[in-house]
Amino acid sequence: AYGCLVLAPNGFARDNAQALRNFLAASSEGWRDYIQGDRGAGVQAADALIRRANPAMPQAVLAEARASLR
């Protein structure tokens, strides 16, 4: 989530530098696509996952949050 951190111990980062770079690149790309996306299939799928985890989350709140992040 945009409100939390992902921590990696120094040893993991040192021993798995490429995996860590790939994870960061994929996370960045995913957030960029979600934030900049409109109502494409990827955004709809992401919103569906969010709403499945939090059924009380109205679609309007997700759209407003995405617009605020832009």
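Visitor: Why does R66 count as buried?

Guide: This is a predicted model, in which local features need pLDDT of at least 70 and side-chain atom pairs count only at pLDDT 80 or more, while totals for chains, interfaces and linings use all residues. Residues are numbered from 1 along each chain as its sequence is written, and side-chain values use heavy atoms, with hydrogens and water left out. Buried means under 20% relative accessible area, exposed over 50%, and partly exposed in between, with a 1.4 Å probe and protein chains only. R66 has a relative accessibility of 4%, so R66 counts as buried.

Visitor: Which residues does R66 touch, not counting residues up to four places away in sequence?

Guide: With contact defined as heavy atoms within 4.5 Å, R66 touches Y34, I35, G37, D38, R39, V43, D47 and Q59. R66 itself is found in helix α4, residues 59-69, where a helix is a DSSP run of H or I with at least four residues, numbered from the N terminus.

Visitor: What makes D47 and R66 a salt bridge?

Guide: The term requires a side-chain nitrogen of Lys or Arg within 4 Å of a carboxyl oxygen of Asp or Glu, and the side chains of D47 and R66 meet at 3.3 Å, N to O. D47 lies in helix α3 and R66 in helix α4, so the pair ties together parts that are 19 residues apart in sequence. D47 has a relative accessible area of 1% and is therefore buried. Leaving aside neighbours within four places in sequence, D47 is in contact with Y34, R39, Q59, L62 and R66.

Visitor: How many salt bridges does a search of the whole structure find?

Guide: The search finds three salt bridges. In one of them D15 is paired with R14, the closest N and O atoms being 3.3 Å apart; D15 is exposed, with a relative accessible area of 54%, and R14, at 62%, counts as exposed. D33 forms a salt bridge with R32, where the closest N and O atoms are 3.4 Å apart; D33, at 40% relative accessibility, counts as partly exposed, and R32 is partly exposed with 41%.

Visitor: Why is the pair of W31 and Y34 called edge-to-face?

Guide: The structure holds one aromatic pair. The ring centres of W31 and Y34 are 6.1 Å apart and their planes stand at 80°, so the pair is edge-to-face. By definition, rings of Phe, Tyr and Trp (its six-membered ring) pair if their centres lie within 6.5 Å, and planes under 30 degrees apart count as stacked, over 60 as edge-to-face and the rest as tilted. Being three residues apart in helix α2, W31 and Y34 are separated by about one helical turn. W31 is partly exposed at 33% relative accessible area, whereas Y34 is buried at 11%.

Visitor: How do you know that R66 lies over the face of Y34?

Guide: A charge sits over a ring if NZ of Lys or CZ of Arg is within 6 Å of the ring centre and within 35 degrees of the ring normal. R66 lies over the face of Y34 at 4.8 Å from the ring centre.

Conventions: Helices (H or I, at least four residues) and strands (E, at least two) are DSSP runs, numbered from the N terminus.
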